[in-house]
Amino acid sequence: MSGARRISILGSTGSIGRNTLDVISRQPGAFKVIALASRSNWEIIAKQAKIFKPAFVALYQEESASMARDLLKGSGIEVLGGIEGILEAASTDRADVVVSSIVGAAGVMPTYAAVEAGKIVALANKEALVAAGRLITEEAQRTGARIIPVDSEHSAVFQALMGQDRLAVRKVILTASGGPFFGKGRDLLSGVTPEMALDHPRWKMGPKVTVDSATMMNKGLEIIEARWIFDIPADGIDVLIHPQSIVHSMVEYLDGSVLAQMGVTDMRIPIAFAMSYPHRLDLALDSLDLTAVGSLEFHKPDPEMFPCLALAYEALERGNGIPAVMNAANEIAVESFLSGDLPFTGIADVVRAVMDDPPDFDDQTLSGILRGDRLARTAAREFITLMDS
Ligand SMILES: NC(=O)c1ccc[n+]([C@@H]2O[C@H](COP(=O)([O-])OP(=O)(O)OC[C@H]3O[C@@H](n4cnc5c(N)ncnc54)[C@H](OP(=O)(O)O)[C@@H]3O)[C@@H](O)[C@H]2O)c1
């Protein structure tokens with residue numbers, strides 16, 4: 001790469017954010033950190049700032065911002081607070097690449113701001129495209145912003161499409177690990193605890209995406225993400241369970257060729273690729289040892305065990321803001337499950353109920369979608385309270 005790429009990381013304290021900083025620390029001179037942003041984790045972000053010396057950090061919670069300000073006094077690093085600070089990190093002139101790795105719909109506005117500012121957006125925050133995919137991709141076309149996926153599945157598809165004839169694509173096949181409950185029998189699901197759901201067999205990730213993997217809502221969100229990133233209709237996107245997580249996804253072409261991307265399960269690979277595209281960095285990771293893996297298995301997902309997959313296909317088909325409604329209801333349901341207020345199987349029930357009686361809102365504007373997100377959250381909370389009583 002010629003010259004250091006200037007990077008802003010939204011969600012630097014999370015799992016993707018920390019992996020991003022790990023990639024940067026292994027590539028002296030390749031990147032310059034301009035901004036770090038998170039919600040409230042002031043001690044961690046201040047530590048990161050002392051190491052990576054960004055121009056500024058931003059914390060969504062004002063009280064956390066003032067704690068970080070105290071810790072960074074005299075360092076010359078500015079500390080911004082509130083949504084304005086996060087949006088500044090997303091759109092600052094000083095950065096070339098914005099790593100969008102806030103979790104949940106909280107990432108919608110910052111991702112839109114990065115796209116509006118014409119950035120290269122290394123996108124992990126799939127919820128932004130689920131809630132506002134049309135608006136974000138249209139804005140990217142207008143500004144020339146480039147969205148490069150960080151999700152390992154979408155990175156695989158992106159790579160399998162490189163240099164190919166887009167008109168010759170028959171379908172995209174997203175692979176899924178199946179999470180901790182694949183192959184264990186449906187009876188087990190009613191007794192699943194947060195601890196069991198958070199014990200992912202292949203990937204170490206933040207709690208929300210780990211629970212989404214266990215319900216397979218993660219794959220549902222990824223179907224919608226793929227629809228927007230690759231402009232492929234729902235019926236051109238299939239899902240296969242691949243417990244070894246070695247084949248990260250595939251593209252099938254009209255001539256019957258199937259191009260797959262493989263690699264060890266390490267998020268630093270797709271993160272680095274998104275930040276350095278079209279160049280590849282030497283990450284000095286262990287090679288993939290296929291003889292140690294032995295065999296690669298593929299299975300069709302069981303729709304009764306994983307009802308969230310069908311909910312996502314349905315949301316995509318229905319359009320009209322329903323994906324944003326689905327996403328918001330899922331976020332509330334996952335939160336309630338993690339705090340012990342909802343059984344694991346209740347997650348799909350809450351999403352189903354809110355999608356069956358969706359709030360009315362304008363899905364053609366960002367403010368309309370954010371309003372729809374809020375209304376769907378309220379509806380989900382009300383449904384959970386009713387379930388309890
Ligand atoms: N983890 C993975 O391996 C993986 C793989 C593929 C895709 N993804 C996607 O990447 C995204 C992040 O996942 P993760 O696993 O890294 O999540 P995580 O570990 O829970 O981290 C979430 C990050 O978002 C920040 N955040 C939350 N709300 C915010 C707000 N209102 N304003 C600013 N920052 C906010 C958090 O800050 P605080 O720490 O201050 O709360 C934290 O830095 C998700 O969309 C997920 O689906 C993750």
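**Exercise 1.** Is I34 buried or exposed?

*Solution.* The model is a predicted one. Step 1: locate the residue; I34 belongs to strand 2, residues 31–38. Step 2: read its relative accessible area, which is 8%. Step 3: apply the cut-off, by which buried means under 20% relative accessible area. I34 is therefore buried. R6 stands 28 residues from I34 in sequence, yet their C-alpha atoms are 6.1 Å apart.

**Exercise 2.** Determine which residues come nearest to the ligand, and describe the shell around the ligand.

*Solution.* Step 1: the ligand has 26 residues around it, and T13, S40, N41, E127 and G206 come nearest. With S15, a backbone N or O atom is 2.9 Å from an oxygen atom of the ligand. For V103, the distance from a backbone N or O atom to a ligand oxygen is 3.3 Å. Step 3: consider the area. The ligand taken alone exposes 900 Å², of which the protein buries 92%. Step 4: identify the elements that give two or more residues to the shell: helix 1 (15–25), helix 6 (126–143) and helix 9 (207–215).

**Exercise 3.** Compare the surroundings of the salt bridges K73 with D70, E252 with K171, and R186 with D302.

*Solution.* Step 1: note the total, which comes to 23 salt bridges.

Step 1: take K73 and D70, whose closest N and O atoms are 3.8 Å apart. K73 has 65% relative accessibility and so counts as exposed. D70 is likewise exposed, because its relative accessible area is 51% and the cut-off for exposed is over 50%.

Step 2: take E252 and K171, whose side chains meet with an N to O distance of 3.9 Å. E252 lies in strand 10 (residues 247–253) and K171 in strand 8 (residues 169–176), so this pair ties together parts 81 residues apart in sequence. E252 is buried at 13% relative accessibility, whereas K171 is partly exposed at 24%.

Step 3: take R186 and D302, with closest N and O atoms 2.9 Å apart. R186 sits in the loop between strand 8 and helix 8 (194–197), while D302 sits in the loop between helix 12 and helix 13 (307–318). The pair thus links distant parts of the chain, 116 residues apart. R186 is partly exposed, with a relative accessible area of 44%, and D302 is partly exposed at 23% relative accessibility.

**Exercise 4.** Which residues are linked in a network of salt bridges?

*Solution.* The members of the network are K126, D151, E153, K219 and E222.

**Exercise 5.** Which residues form a nonpolar patch on the surface?

*Solution.* Step 1: name the members, which are M262, L290, L296 and F298. Step 2: give their accessible area, about 320 Å² together. Step 3: examine one member. L290 is part of helix 12, residues 290–293. With 38% relative accessibility, L290 counts as partly exposed.

Terms used: Residues are numbered from 1 along each chain as its sequence is written. This is a predicted model: local features need pLDDT of at least 70, side-chain atom pairs count only at pLDDT 80 or more; totals for chains, interfaces and linings use all residues. Side-chain values use heavy atoms; hydrogens and water are left out. A residue is near a molecule or strand if one of its heavy atoms lies within 4 Å of it. A polar contact is a pair of N or O atoms within 3.5 Å; within protein, one must be able to donate a hydrogen and the other to accept it, and residues adjacent in sequence count only if both atoms are side-chain atoms. Accessible areas come from the Shrake-Rupley method with a 1.4 Å probe; for residues, only the protein chains shown count as cover. Helices (H or I, at least four residues) and strands (E, at least two) are DSSP runs, numbered from the N terminus. Patches are made of residues with over 30% relative accessible area and no salt bridge: like charges are joined within 9 Å, nonpolar side chains (Val, Leu, Ile, Met, Phe, Trp, Tyr) within 5 Å. A salt bridge is a side-chain nitrogen of Lys or Arg within 4 Å of a carboxyl oxygen of Asp or Glu. Buried means under 20% relative accessible area, exposed over 50%, partly exposed in between (1.4 Å probe, protein chains only).
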